[in-house]
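Hello,

Please find the structure below. My notes on it follow.

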Amino acid sequence: MSDATQTDAQAEPLTMPRPGGLLARRELHFIWLLDVSGSMNAEGKIQALNVAIRESIPQLQAAARDNPNVDVLVRAIVFADGARWHLEKPTPVADLRWTDVVAGGHTDMAAALRLVAQALKVPPMPERAVSPVLVLVTDGHHTDDFQAGLGELMAERWGREALRMAVAIGRDVHLATLQDFIGDDALRPIQAHNPEALLQKIRWVSRSGIESASQLTDQAQQRHIAQASARADDGDLVEW
Amino acid sequence: MVPQRGQELCWAAIGSSVRGASHVREDLPNQDALLLAVPGDAGPLAFAAVADGHGGARHFRSADGSRMAVAAARELMLDSATALAAAPPSQRAQLVAVDLPVRIVGRWVELAREHLAAHPITSDEWARLGASEGDESVALVRADPLLAYGATLLAALALPGSLVLCQLGDGDVLLVAADGATTRPVPRDERLAGNFTTSLCRAGAEGDFRCVALDGAAARPALVLLSTDGYANSFRTDADYLKVGSDFLALLRNHGTASVSKQLPGILEHASKHGSGDDITLALMVGELATDAALAPVLPQPDTADTATPALEAARQQIARQRAWIIALSLALLVSLLWTQREHLASVWARGGHGLPREASGKPLGPLPTLVPAAEGRDTGLAVPAAAASQPAIGQASLEAVRAAPVQGGIEVHARIQPTATADLCTVRATVHDAAGHELARQSTQLKAGKPLDKGAALGGIKEDSAELPGQPVMLLVATPKDAAKAKAMRVAAHPQFAVQLECGAQPPVHSGLLPVLE
């Protein structure tokens with residue numbers, strides 16, 4: 001007996017209606033979580049951050065072009081005294097325009113995690129999507145209950161499934177907190193000690209985040225992929 | 001008409017596996033696998049399986065792993081068919097939930113280890129893994145090389161009065177009732193979200209299986225649909241995906257199984273391109289209620305369960321009456337044919353019947369005719385039991401009492417044809433295959449209004465010398481090919497098989513399955 005398999009057969013032109021409802025590419029939600037506390041005003045960090053994010057938009061667009069089976073949608077949250085949406089509407093990467101953020105206040109990181117946790121509920125998030133990408137950028141210690149905020153994020157399915165990446169600006173960051181946010185030692189926080197490095201790292205997380213999350217692999221492997229493509233710290237120039 | 005308890009359904013199986021749009025872009029292979037088997041003359045036994053080899057660098061042999069998954073499922077599930085069919089429901093449920101997963105995983109591990117021993121991981125494979133995912137991944141795969149073969153598995157086995165469904169990992173199993181109502185019979189695994197999936201390569205995989213044995217009316221859907229997750233992920237919402245159940249049922253009724261089978265690659269490629277980008281593999285086990293032509297105009301909606309219209313019910317009753325008539329005729333044909341061919345059948349069973357599924361009595365169920373894939377220009381479609389019992393054809397066309405024997409210059413294929421009353425031109429096509437199912441030679445002739453066209457006489461002709469059975473006798477001489485290897489494979493000692501197709505007008509073709517050539 002031989003069994004029948006029909007693999008990669010030559011497709012005939014379709015002559016009958018296609019079964020099923022609407023087809024759609026899966027959404028990839030890319031969300032910045034940006035620290036705009038008062039300390040970001042020091043030494044031009046907030047300006048460097050604005051430049052880096054604006055300059056990373058072509059990277060996001062290129063990564064989206066390279067992964068045409070996902071729809072990349074970008075949002076941004078800022079946190080200082082509490083947290084709020086800086087870019088609330090999930091914005092197609094092609095339409096993305098960056099409005100500068102301004103700094104001032106505390107570092108209420110947990111508030112940002114709570115806000116993003118709400119956004120990752122289903123609905124408004126779709127049942128079907130690729131893993132969201134959350135990029136946390138900070139220069140200091142949290143000033144609210146970080147673990148409580150992280151707990152709320154991890155209580156959501158898409159929060160747990162998210163590829164969580166972190167960029168530490170300067171040497172005052174509590175890296176263990178960022179590692180907790182990432183949730184896996186396979187992927188480390190990215191450190192940036194000067195404006196040029198910040199630009200490079202923000203560009204890198206933009207591209208790598210989308211490319212890793214677009215892979216048809218599970219979360220742990222995505223972290224490995226992201227880490228494997230991470231650049232070593234390049235710059236002895238330490239300004240921050 | 002809903003099939004009655006004890007009434008056996010005959011199944012066909014079609015399917016397709018296409019390389020994902022993103023795999024084409026990235027020059028990756030199709031990592032899915034598909035396997036179908038329809039023991040056509042053995043009664044209501046059918047098997048289908050799909051598997052999804054994981055993406056990701058560390059699963060660099062997942063295309064092999066998915067093929068091993070469907071092969072292991074086929075072997076273990078068909079081997080268990082007799083025991084499962086004979087077991088009382090509670091024992092069957094236990095066998096399916098516990099015993100079957102352990103055996104499938106065990107066999108998959110065995111196959112993967114054999115492959116690994118025969119093909120050790122190369123330095124190139126290690127280097128690519130290191131470059132893609134880093135040293136930590138390399139260490140993980142070195143510690144557990146079967147990670148390289150990781151795959152999911154979805155399998156269905158139709159038994160007399162029972163339907164066994166097994167799933168490990170993501171993907172979808174759908175049941176479609178005759179009215180189009182579409183359900184998920186396998187319990188949901190809450191852990192499956194995003195890109196995470198359980199897998200054959202995970203420790204304790206047997207515990208991650210979700211297997212169910214359905215009995216009674218639940219075991220007699222019009223359609224069983226198995227798909228890898230690339231298909232569902234191509235739709236906007238789950239409701240958009242679930243609509244494929246009633247839509248495929250409508251397509252099968254309106255266009256026939258063979259036509260739908262031919263369109264599957266195009267349907268799936270389109271979905272991948274405009275949806276997930278992933279490989280997509282789809283298997284459809286088609287019950288009789290899915291292909292009743294009298295139901296063709298009906299386009300059922302999923303939310304209309306148990307609200308069949310009077311017209312639909314009348315059509316079903318008409319089909320039931322037709323079916324009863326045809327079954328009675330078929331039984332007469334079966335007895336007659338078995339009696340006339342008793343010596344041939346005895347010799348075939350003695351030669352090749354070992355290892356085939358057996359009934360509870362231990363009697364061989366006979367060879368398992370399979371689909372002939374559409375690739376390489378071969379016919380495709382429904383495997384219809386034709387050697388012994390006849391199958392009510394779609395519309396009025398039918399194909400009965402098929403047999404083949406070697407003669408000087410080739411193989412004579414005899415069939416009895418009842419062309420459709422509504423199409424005046426029919427084509428009968430006979431193909432001969434080697435033991436692996438590859439086509440060696442073919443021959444065809446045309447019938448017009450029940451009579452042969454003269455121009456076909458040189459290719460095939462009509463014999464009127466055995467007219468005691470109803471239907472029109474047709475003989476086609478499939479000439480031995482000039483190619484020496486093919487000619488050798490056509491010899492009876494090489495166990496060639498043959499199949500017959502009848503195609504009338506716009507009606508869907510009726511096929512015999514692959515059957516042995518008798519001396």
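Chain A holds seven helices and six strands. These are DSSP runs: H or I of at least four residues for helices, E of at least two for strands, numbered from the N terminus. Along the sequence the order is β-α-β-β-α-β-α-α-β-α-β-α-α.

This is a predicted model: local features need pLDDT of at least 70, side-chain atom pairs count only at pLDDT 80 or more, and totals for chains, interfaces and linings use all residues. Residues are numbered from 1 along each chain as its sequence is written, chains are lettered from A and ligands numbered from 1 in the order written, and side-chain values use heavy atoms, without hydrogens and water.

Of the 240 residues in chain A, 56% are buried (under 20% relative accessible area; exposed is over 50%, partly exposed in between; 1.4 Å probe, protein chains only).

Now the rings. Over all chains there are five aromatic pairs (Phe, Tyr or Trp, the last by its six-membered ring, with centres within 6.5 Å; planes under 30 degrees apart are stacked, over 60 edge-to-face, the rest tilted). One of them joins A:F30 and A:W32, edge-to-face, at 5.1 Å centre to centre and 75 degrees between the planes. Both A:F30 and A:W32 are buried.

In chain B, the planes of B:Y231 and B:F235 stand at 70 degrees with centres 5.3 Å apart, so this pair is edge-to-face too. B:Y231 has 0% relative accessibility, so it counts as buried. B:F235 is buried at 2%. Ring pairs link B:Y231, B:F235 and B:Y241 into a cluster.

Best wishes
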